[in-house]
Amino acid sequence: MINYISKSEMIAKFKKNYFGLVEFFVQAEPKVYVRNDLPPLVAKFVEAHELQHVKDGVNGGEFSAFIAGVKATPLGALQAVLMSLSPSRLKMYPALASGIGLSLSAILLIIFS
Ligand SMILES: [Zn+2]
C-alpha cells in the first residue's frame, strides 16, 4: 500500500523533499510514501524503487532499489535522475545523483550524437 502525499507533507514529515520514502517499524508493516505531484513515469519509477526497498528490508541498499525502478520504467528512471539534478536535491544525494546523472547523460550523449 502506497501513501501519496504532497511535497509540503513530505517536507513536514521527513524534513526533506524526497520523491518517495519507506518508513520501517520494528513491529509493523513498512509504510511507503510517494509524492503525489510527480510526473506519471517518475511516480512509476519511485513506486517500484520504494517497493523494492520494502522487499529488501531495512538493510537493503539503494542500488537494488534503483535497478528495480529502472526495470519498471527506464524512461521514468531517466526523468527522475534529470529532476534530481537540482541544487537542493543534489545536496541530499551528492554521490548517487551526480554519479547516476553523469552516467545517464553519457548514455544519452552516445545515443543521440
Ligand atoms: Zn531509495
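**View 1. Phe45 and the residues that surround it.** Leaving aside residues up to four places away in sequence, Phe45 touches Gly69, Ala72, Thr73, Gly76, Ala77 and Ala80, where two residues count as in contact if their C-beta atoms, placed from the backbone, lie within 7 Å. This is a predicted model, in which local features need pLDDT of at least 70 and side-chain atom pairs count only at pLDDT 80 or more, while totals for chains, interfaces and linings use all residues. Residues are numbered from 1 along each chain as its sequence is written.

**View 2. The largest nonpolar core.** Phe45 is also one of the residues with the most contacts inside the largest nonpolar core, together with Val42, Val46, Ala77 and Ala80, and this core has 20 residues. A nonpolar core is here a set of buried Ala, Val, Leu, Ile, Met, Phe, Trp, Tyr and Cys residues joined through C-beta atoms within 7 Å; a residue is buried if 20 or more other C-beta atoms lie within 10 Å of its own, exposed if 12 or fewer, and partly exposed in between, with C-beta atoms placed from the backbone. At least two residues of this core come from each of strand E3 (31-35), helix H2 (40-56), helix H3 (62-72) and helix H4 (74-84), and H2 gives the most, with 6 residues. Helices (H or I, at least four residues) and strands (E, at least two) are DSSP runs, numbered from the N terminus.

**View 3. The crossing of H2 and H4.** The axes of these two helices come within 8 Å and cross at roughly 100 degrees, the axes being lines fitted to C-alpha atoms, for helices over the stretch in contact, and the angles running from 0 to 180 degrees between N-to-C directions. H2 and H4 are therefore roughly perpendicular to each other, a term that covers angles of 65 to 115 degrees, whereas angles under 35 count as roughly parallel, those over 145 as roughly antiparallel and the rest as oblique. From H2, the contact is made by Leu41, Val42, Lys44, Phe45 and Val46, and from H4 by Leu75, Gly76, Ala77, Gln79, Ala80 and Met83.

**View 4. The buried residues of H3.** In H3, the buried residues are Ala65, Ala68, Gly69 and Val70, and they pack against H2 and H4.

View 5. The 3 strands form an open sheet with the order E1-E3-E2 and mixed pairing, where two strands pair if DSSP finds at least two bridges between them. Strand E1 (2-5) and strand E2 (20-23) are the edge strands, each pairing on one side only, and the twist averages 25 degrees from one strand to the next. E1 and E3 run parallel and are joined by 4 bridges, with Tyr33 in E3 as the bridge partner of Asn3; E2 and E3 run antiparallel and are likewise joined by 4 bridges, with Val32 in E3 as the bridge partner of Val22. E3 is mostly covered, since 4 of its 5 residues are buried. Helix H1 (residues 7-14) lies across E1, E2 and E3, and runs at about 135 degrees to E3.

**View 6. The protein chain as a whole.** Read along the sequence, the chain follows the pattern β-α-β-β-α-α-α-α-α, with 6 helices and 3 strands. Of its 113 residues, 28% count as buried.
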